[in-house]
Structure formats: C-alpha cells, structure tokens
Amino acid sequence: MDGNGTDGQDCGTARVRDAARTRQRLLEAAFDLFSQRPYSSVGTREIAAHAGGNITLISRYFGSKKGLFREVLERLGPAREQEALAGADRETVRGRTLAAVGHLLDPGENRLKRERRLVMLSMMEPEVADLIPPAIAAHYDRSLSGMPGGDRQTRTLLVASLVTGIGMAMHFFQDRDLTAVDRGAVLRFVEDAFDRLWEGGAEESPDSAPDNAPDRAPDGQPAGKPDELSAEPAAEEDLSAPEESGEEPRAAEGR
C-alpha cells in the first residue's frame with residue numbers, strides 16, 4: 001500500500017460493489033420466487049440459496065423477509081415509472097398505458113406478466129397485504145396526476161380498473177388459446193376509453209344539465225313558470241241544477 005492509502009480505497013470500493021451485487025442477486029431471486037408462489041410459501045433460506053448467498057445476508061441488507069418483499073415491490077415497473085410519469089401529458093401517459101396493455105396481450109412470458117402475477121399471488125397475504133394496494137394506487141395517482149378536472153380521482157380509479165382488469169383477465173385465461181383475440185381491437189378500445197376519461201375533466205360538470213334537459217324544481221318535479229307554480233287552482237264551476245223546492249227562483253236585483 002502506498003502512502004496515500006490507495007490499496008485501502010480500492011478494497012473499500014470493491015466491497016461496496018460486492019455488496020451492491022449481492023443485494024441485486026437477492027432482489028432478483030426474491031422476484032423470481034415471489035412471481036411463482038405466494039409470499040407465505042417462499043422462505044428466506046430458499047431465497048438465499050436461489051441467489052447463491054447466505055440467509056444472514058437478507059437480514060443484513062433488508063432487515064427481514066417483509067423488508068425484502070417491500071423493496072421488490074418498489075422495483076416493479078409501475079414503481080420505477082412513477083417519477084417519470086408524474087404530471088406527464090396525455091400523449092405520454094396514453095403511450096405507456098397502451099404499451100403496458102400490449103405486453104399483457106403478448107403471447108408467452110414477459111417481465112410485466114410476472115410482475116402482475118407476483119401482485120396477484122400475494123395481495124391477500126396477511127403479512128404483506130398492507131404493502132401492495134398503496135404501491136399500486138400510488139403508481140396510478142402519480143401517473144395520472146396531469147389529468148384536468150376536479151373529478152380526477154374518479155377517473156383515475158376507472159383507468160386503473162381498465163388496465164388491471166385486462167391484466168387479471170389475461171391471468172385467468174392463460175391456459176386458453178388466445179391467438180384469436182383481436183389485439184388491435186383491444187388496444188383501440190383502451191385508447192378510446194383512456195381519451196374519454198382523460199378529457200372528462202374538461203367536459204361539463206355532471207351537476208349542470210344539458211340545454212335540452214327539462215328544468216327541475218328543488219323537489220325533483222318538473223319546474224314550470226313561476227305564475228304556474230304559485231297560482232291557486234281555479235275553483236270549479238258548479239254546474240249542478242238547483243234542487244226543486246217548489247218556489248220560483250228569486251229575480252235578480254234591479255229588475
């Protein structure tokens with residue numbers, strides 16, 4: 001070692017690189033196993049063995065199995081895109097949304113399908129049930145934060161339902177021959193629905209009635225003109241004949 005301690009610095013840098021590689025191997029091993037089986041059926045010893053490391057490394061780098069799972073969630077595609085999509089315009093978010101749906105429609109396995117399967121396999125696991133919903137909801141909240149209008153939360157929920165619904169359907173139908181599915185038709189439907197939901201904030205509020213809609217009174221009944229509503233009902237004319245009393249009718253005054 002020279003007087004400047006170069007060898008020591010090199011050794012320290014190498015240890016940092018080794019630690020980063022070890023963490024990455026553990027994360028990849030955990031993702032691989034959690035995307036195949038529910039959280040509770042995957043053990044830390046199995047994860048460490050899959051990564052080619054020691055079980056004590058999980059506690060060292062992640063604190064616990066749940067801590068490791070939390071970081072796996074943070075590295076999923078939706079979580080990685082949060083910063084990039086925060087406040088993005090319609091064209092950008094629409095492009096990412098259509099790309100995601102396209103990957104879900106692709107035949108065979110891919111990273112996005114494995115991520116969706118990981119979420120579905122463990123979302124009902126008691127130990128991590130508090131981690132998954134906030135992670136997914138945060139992705140859609142940030143990705144769609146650029147949508148105009150005061151009802152953005154409602155439309156965010158509908159976009160999330162559309163995309164996650166397709167992902168779940170592809171998971172449920174994975175054993176069927178889906179080659180006959182019209183990919184273009186699905187993507188056109190998603191694009192049209194996305195544009196309608198995005199533009200919904202610029203449209204007229206649901207509370208404002210269209211021009212051709214009948215006016216309504218506060219009680220929900222059709223509203224008429226003010227004088228029609230306030231006028232007393234006209235008394236009905238008595239057309240019944242006078243009863244016979246044996247007397248002649250009295251003559252009108254002045255005759």
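Modeller: Gladly. Helices (H or I, at least four residues) and strands (E, at least two) are DSSP runs, numbered from the N terminus. This is a predicted model, in which local features need pLDDT of at least 70 and side-chain atom pairs count only at pLDDT 80 or more, while totals for chains, interfaces and linings use all residues. Residues are numbered from 1 along each chain as its sequence is written, and side-chain values use heavy atoms, with hydrogens and water left out.

Colleague: Which helices each supply at least two residues of the lining of the largest pocket?

Modeller: They are α6, α7 (111–122) and α9 (152–172). Of these, α7 gives the most, with four residues.

Colleague: What makes a space a pocket?

Modeller: On a 1 Å grid over the protein atoms alone, a pocket is an open set of points where a 1.4 Å probe fits, with protein on both sides within 12 Å along at least five of seven lines; a cavity is a set from which the probe cannot get out, and lining residues have an atom within 4 Å of a point. The largest pocket has a volume of about 440 Å³, that is, the space filled by probe spheres set on the points, with grid points joined across faces, edges and corners. Its lining has 19 residues, and Leu104, Asp106, Lys113, Met170 and Leu178 lie nearest the centre.

Colleague: How far apart are the closest N and O atoms of Glu109 and Arg117?

Modeller: They are 2.7 Å apart, and the two residues form a salt bridge. Glu109, at 52% relative accessibility, counts as exposed, whereas Arg117, at 16%, counts as buried. Elsewhere, salt bridges that share partners join Arg23, Glu71 and Arg75 into one network.

Colleague: How many aromatic pairs does a search of the whole structure find?

Modeller: It finds four. Rings of Phe, Tyr and Trp (its six-membered ring) pair if their centres lie within 6.5 Å; planes under 30 degrees apart count as stacked, over 60 as edge-to-face and the rest as tilted. Phe34 and Tyr39 are 5.6 Å centre to centre with 20° between the planes, a stacked pair.

Colleague: Why is the pair of Phe34 and Phe69 called edge-to-face?

Modeller: Their planes stand at 80° and their centres are 5.0 Å apart, so the pair is edge-to-face. Phe34 is in helix α1 (residues 6–34) and Phe69 in helix α4, and the pair links distant parts of the chain, 35 residues apart. Phe34 and Phe69 are both buried. Together, Phe34, Tyr39 and Phe69 form one aromatic cluster.

Technical notes: A salt bridge is a side-chain nitrogen of Lys or Arg within 4 Å of a carboxyl oxygen of Asp or Glu. Buried means under 20% relative accessible area, exposed over 50%, partly exposed in between (1.4 Å probe, protein chains only).
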